[in-house]
Amino acid sequence: MNEGLIATSAAALKAMADNGTLKVPPVLDAPQGPLSRVRGQDVLVACSNDYLGLAADPRVIAATVDGLQRYGAGTASVRFICGTFTPHLELEADLADLVGAEAALTFVSCWDANAAAITTLADANTVVLSDALNHASIIDAVRGSRAGRKVVYPHVDLTVLDEALSGLGEWNRRIVVTDGVFSMEGDVAPLPDLIELCRRHNAILLVDDSHGIGVMGAEGRGTPSAQGVLGDIDVLTGTLGKALGGAAGGYVAAPAEVVELLSQVARPSLFSNALPVPTACGAREAVRILRAEPQRVARLQQLASDLRGGLREAGLSPLPGDTAIVPIIVGETARAGQMSRELREQHRVLVTGFGHPVVPEGTARLRLQANAAMSEANVAQLISALEAVDATASTGSVRR
Ligand SMILES: Cc1ncc(COP(=O)(O)O)c(C=O)c1O
């Protein structure tokens with residue numbers, strides 16, 4: 001063994017332990033859902049992406065098991081060799097229809113979907129302009145692309161973006177990339193304005209709607225639908241690992257020619273196995289349930305709104321918004337960690353604390369996420385647990 005490797009790894013871990021950033025994941029031994037179990041202890045989960053409560057839905061499980069029995073466990077191939085199965089095509093047609101696109105292509109994750117879309121579409125003659133608070137998968141995809149110029153614009157600052165685009169006359173291609181719903185703030189990109197800006201500057205708009213799909217809009221068709229621009233985004237990406245069953249997988253939805261190009265040349269498509277077929281079958285069932293039961297989306301939106309309102313009534317200050325992500329800024333990283341631990345140990349409530357370097361120093365937060373399968377009593381329990389830990393936290397209250 002390389003002793004230097006072991007020593008530097010140990011030192012990095014010790015530094016994280018010393019500065020309070022070492023993550024200790026809770027280990028679940030029951031299905032994901034508002035009520036789960038961590039090492040034998042019942043917990044209320046308020047930090048999962050299972051927005052519609054479909055991760056443990058018996059119909060999603062049955063569809064996954066059926067896919068397993070019909071098609072086996074693995075694809076054992078990339079798509080173009082012999083890894084494309086009928087359920088992939090069916091799921092892709094359903095996803096395209098859901099988000100109002102001509103076609104869609106699936107990947108094993110949205111991380112890969114973003115990498116595929118951005119690295120394929122951005123060449124040396126391309127400028128990519130990316131929101132400062134975009135997800136890490138976008139940041140890494142832009143970094144890994146051959147784009148000739150990479151610009152990060154301040155979060156949802158369309159004035160700066162407009163100025164940046166105005167000064168780009170000589171560039172062949174311009175791509176503006178944004179999250180639909182921002183994962184750490186729970187706010188949304190102003191898509192109609194971005195579309196107008198992109199059209200004026202002949203730029204391509206790429207939106208990652210991982211936290212919007214299944215959540216935003218009356219039918220859960222995502223942030224574009226919520227903002228009245230369904231079908232108007234050039235390239236949409238999203239995950240199957242959150243509202244759409246919570247298993248895994250991602251997609252790019254776009255005009256048919258763009259999707260075909262990605263399937264021909266995108267490296268995650270050419271050099272990585274296809275989405276497992278049972279997972280595709282489970283996700284397809286989740287999409288079917290979403291379309292058949294829009295009341296789940298209404299319930300999710302109502303619970304998120306109740307949660308925000310209840311927290312405000314309790315004197316706590318969630319960030320404003322209308323998504324299912326409800327962050328409470330608590331300041332220092334150590335404080336977020338302490339509150340998260342107390343919630344878990346004293347109140348059996350699972351809420352993750354996010355600190356530096358995930359979010360800027362001094363803006364550490366607890367990120368609550370609503371789930372359509374929560375009861376009103378679960379929301380009340382969550383609010384009173386937060387009230388209690390805020391009152392007892394040794395580093396001072398976050399009340400207004
Ligand atoms: C905005 C956004 N994009 C992409 C991803 C990655 O999705 P996946 O887990 O499917 O790779 C996430 C997951 O956290 C996300 O929040």
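Reply: Helices (H or I, at least four residues) and strands (E, at least two) are DSSP runs, numbered from the N terminus. T106, for instance, lies in strand β3, which covers residues 103–107. This is a predicted model, in which local features need pLDDT of at least 70 and side-chain atom pairs count only at pLDDT 80 or more, whereas totals for chains, interfaces and linings use all residues. Residues are numbered from 1 along each chain as its sequence is written, and side-chain values use heavy atoms, with hydrogens and water left out.

Me: Is T106 buried or exposed, and how is that decided?
Reply: Buried means under 20% relative accessible area, exposed means over 50%, and partly exposed is in between (1.4 Å probe, protein chains only). T106 has a relative accessibility of 4% and therefore counts as buried.

Me: Which residues is T106 in contact with?
Reply: Contact means heavy atoms within 4.5 Å. Once its neighbours within four places in sequence are set aside, T106 is in contact with R79, H88, L91, E92, L95, G250, Y251 and L275. Two of these partners can be read at the level of polar contacts, that is, pairs of N or O atoms within 3.5 Å; within protein, one atom must be able to donate a hydrogen and the other to accept it, and residues adjacent in sequence count only if both atoms are side-chain atoms. The side chain of T106 makes such a contact with the side chain of R79 at 3.3 Å, and another with the side chain of E92 at 2.8 Å.

Me: In what order do the seven strands of the open sheet run?
Reply: Strands of a sheet pair through backbone hydrogen bonds, either parallel or antiparallel. Here two strands pair if DSSP finds at least two bridges between them. The order of the seven-stranded open sheet is β3-β9-β8-β7-β6-β4-β5, and its pairing is mixed. At its edges stand β3 and β5 (149–153), each with a single partner strand, so one side of each has no neighbour in the sheet. From one strand to the next the twist averages 20°.

Me: How many bridges join β6 and β7, and in which sense do they pair?
Reply: β6 and β7 pair in the parallel sense over five bridges, and V177 stands opposite L206 in β7. On to the next pairing: strand β7 (residues 204–208) and strand β8 (residues 235–239) are also parallel, over three bridges, with V207 opposite L236 in β8. Helix α4 (residues 86–99) packs on this sheet, where it touches β3, β8 and β9 (250–254). As for β7 itself, four of its five residues are buried, so this strand is largely enclosed by the rest of the structure.

Me: At what angle do helix α5 and helix α10 pack?
Reply: Two packed helices are described by the angle between their axes and the distance between the axes. Axes are lines fitted to C-alpha atoms, for helices over the stretch in contact, and angles run from 0 to 180 degrees between N-to-C directions. Helix α5 (residues 110–121) and helix α10 (residues 256–265) pack at about 95°, with their axes 10 Å apart. Angles under 35 degrees count as roughly parallel, over 145 as roughly antiparallel, 65 to 115 as roughly perpendicular and the rest as oblique; α5 and α10 are therefore roughly perpendicular to each other.

Me: Which residues of α5 and α10 meet?
Reply: In α5 they are A116, A117, T120 and L121, which meet V258, L261, L262 and V265 in α10. By class, this contact has seven nonpolar residues, one polar and no charged (Ala, Val, Leu, Ile, Met, Phe, Trp, Tyr, Cys and Pro count as nonpolar, Asp, Glu, Lys and Arg as charged, and the others, Gly among them, as polar).

Me: What does the side chain of K150 reach at 3.1 Å?
Reply: The side chain of K150, a residue of strand β5, reaches the backbone oxygen of S145 at that distance, and a polar atom of the K150 side chain lies 3.2 Å from the backbone oxygen of V142. With a relative accessibility of 38%, K150 counts as partly exposed.
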